[in-house]
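Student: I would like to go through some labels on this structure and test each one against its cut-off. Could you take me through them?

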Amino acid sequence: MDKKLYIHNYCKIKNNSVNLNGEIIYSDKETEMTVFLKNVYHFLGLKYAKFFKMDSLSKIAFLTSEILVNNAKITIKETNTAVVLSNNASSLDTDRKHQKSISDPDNYFPSPSVFVYTLPNIGIGEISIRHGLKSENVFFVFSQYNETVHYTYENSLIQSGKATTVLSGWTNVDDQSVDVFMYLISEKGSIPHSAKELIKLYKN
Amino acid sequence: MENLKIELKEKIIENLNLEDLSIDDIQDDDTLFGDGLGLDSIDALELIVILDKDYGIKISDPKKGKTIFESINSMAQFIMDNRN
């Protein structure tokens with residue numbers, strides 16, 4: 001018999017606001033995305049120097065995962081927590097920075113620390129390093145948040161015994177635009193895990 | 001030489017995104033890797049790019065990197081000895 005699963009908690013970051021389980025926990029009017037992300041980092045009281053080395057996509061995934069994990073009533077263990085993320089822009093925000101650094105043959109100095117983030121799934125790596133995860137993970141690129149694929153994949157991971165918890169969601173960063181909806185799926189919670197609930201929370 | 005050391009500290013903080021540090025936090029003889037500033041392998045590559053881009057110095061023998069990037073002192077001395 002299938003386990004009954006729940007959306008344990010969820011966090012959204014959009015329009016300079018951070019929303020945890022339907023309540024805004026932080027907002028400002030900063031116009032530079034990088035400064036906004038730094039503001040959120042300081043608001044959360046984090047001490048993790050590697051944060052400043054990350055690209056914006058990894059920063060946003062990292063910050064959102066911190067909020068979810070630190071406000072969860074379940075334990076995130078090394079091998080039980082899978083990570084499933086998706087977005088529309090892949091790593092385009094960082095790809096552009098890298099392209100800029102190699103576009104002039106007379107000034108050809110690609111930055112290694114930029115180049116290493118020219119893949120969208122590096123953010124999953126940052127989250128995994130932070131929590132010591134050695135678990136299943138995948139990053140999808142969709143035209144828009146696909147609640148059906150997310151639901152099916154998250155459900156499959158837990159029902160098949162690959163994970164007991166799934167950290168999942170949509171992390172889109174492009175230029176100055178941020179659209180994040182991440183959540184934890186587990187056997188504990190109050191919102192039933194379904195595609196219908198996922199898209200409702202994302203759009204709400 | 002002293003100005004070069006300050007310049008190097010500023011470049012390292014900026015290019016390696018060491019936002020928690022100021023130039024006063026980096027001593028001239030601090031170890032840059034390991035227990036010192038805790039720089040990693042990607043940071044090492046960034047240091048090589050700084051030498052090439054800002055000082056026109058290419059490191060031809062990677063084995064020398066460990067000595068060159070040992071501290072601000074060793075980096076500054078290497079630049080003084082090798083830049084045109």
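Student: Why is Lys38(A) called partly exposed?

Tutor: This is a predicted model, and its computed relative accessibility for Lys38(A) is 29%. Buried means under 20% and exposed means over 50%. The value of 29% lies in between, so Lys38(A) counts as partly exposed.

Student: What makes Glu19(B) and Lys38(A) a salt bridge?

Tutor: The N to O distance between their side chains is 3.0 Å. The cut-off is 4 Å, so the pair passes. The bridge crosses between chains. Glu19(B) sits in the loop between H1 and H2 of chain B, and Lys38(A) in helix H1 (residues 33–43) of chain A. Glu19(B), at 40% relative accessibility, is partly exposed.

Student: How many salt bridges cross the interface of chain A and chain B?

Tutor: The rule finds 2 there. Over all chains, a search of the whole structure gives 13. Lys53(A) and Asp43(B) also meet in a salt bridge, at 2.8 Å, N to O.

Student: What else describes the interface?

Tutor: On chain A, 11 residues are in contact with 13 residues of chain B. The buried area is about 1100 Å², and carbon and sulfur atoms give 57% of that. Phe52(A), Lys53(A) and Phe109(A) supply 54% of the area that chain A buries against chain B, more than any other three residues. Polar contacts between the two chains come to 5 residue pairs, both residues at pLDDT 80 or more. Helix H4 (residues 112–115) of chain A gives the most to the side of chain A that touches chain B, with 3 residues. That side divides into 7 nonpolar, 2 polar and 2 charged residues.

Student: Now chain B. How do you know that Lys5(B) forms a salt bridge with Asp28(B)?

Tutor: The closest N and O atoms are 3.9 Å apart. The limit is 4 Å, so the pair qualifies. Lys5(B) lies in helix H1 of chain B and Asp28(B) in the loop between H1 and H2, so the pair ties together parts that are 23 residues apart in sequence.

Student: Are Lys5(B) and Asp28(B) buried or partly exposed?

Tutor: Lys5(B) is at 9%, under the 20% limit, so it counts as buried. Asp28(B) is at 22%, so it counts as partly exposed. Glu2(B), Lys5(B), Lys9(B) and Asp28(B) are linked in a network of salt bridges.

Student: Why is Lys9(B) called buried?

Tutor: Lys9(B) has a relative accessible area of 9%, and buried means under 20%, so the label holds. Lys9(B) lies in helix H1 (residues 2–15) of chain B. Leaving aside neighbours within four places in sequence, Lys9(B) is in contact with Ile23(B), Ile26(B), Gln27(B), Asp28(B) and Ile72(B).

Student: What makes Lys11(B) and Asp54(B) a salt bridge?

Tutor: Their side chains meet at 3.2 Å, N to O. That is within 4 Å, so the label applies. Lys11(B) is in helix H1 and Asp54(B) in helix H2 of chain B, so the pair ties together parts that are 43 residues apart in sequence. Asp54(B) is partly exposed, with a relative accessible area of 34%.

Student: Why is Ser71(B) called buried?

Tutor: Its relative accessible area is 8%, under the 20% cut-off, so Ser71(B) is buried. Ser71(B) is found in the loop between helix H3 (65–68) and helix H4 (72–82) of chain B. At the start of H4(B), a side-chain oxygen of Ser71(B) reaches to within 3.3 Å of the backbone nitrogen of Asn73(B).

Student: What do the buried residues of H4(B) pack against?

Tutor: They pack against H1, helix H2 (41–55) and H3 of chain B. Among them are Ile72(B), Met75(B) and Phe78(B).

Methods. Residues are numbered from 1 along each chain as its sequence is written. Chains are lettered from A and ligands numbered from 1 in the order in which they are written. This is a predicted model: local features need pLDDT of at least 70, side-chain atom pairs count only at pLDDT 80 or more; totals for chains, interfaces and linings use all residues. Side-chain values use heavy atoms; hydrogens and water are left out. Contact means heavy atoms within 4.5 Å. Buried area is the accessible area (1.4 Å probe) that two parts lose on being put together, summed over both. A polar contact is a pair of N or O atoms within 3.5 Å; within protein, one must be able to donate a hydrogen and the other to accept it, and residues adjacent in sequence count only if both atoms are side-chain atoms. Helices (H or I, at least four residues) and strands (E, at least two) are DSSP runs, numbered from the N terminus. Ala, Val, Leu, Ile, Met, Phe, Trp, Tyr, Cys and Pro count as nonpolar, Asp, Glu, Lys and Arg as charged, and the others, Gly among them, as polar. Buried means under 20% relative accessible area, exposed over 50%, partly exposed in between (1.4 Å probe, protein chains only).
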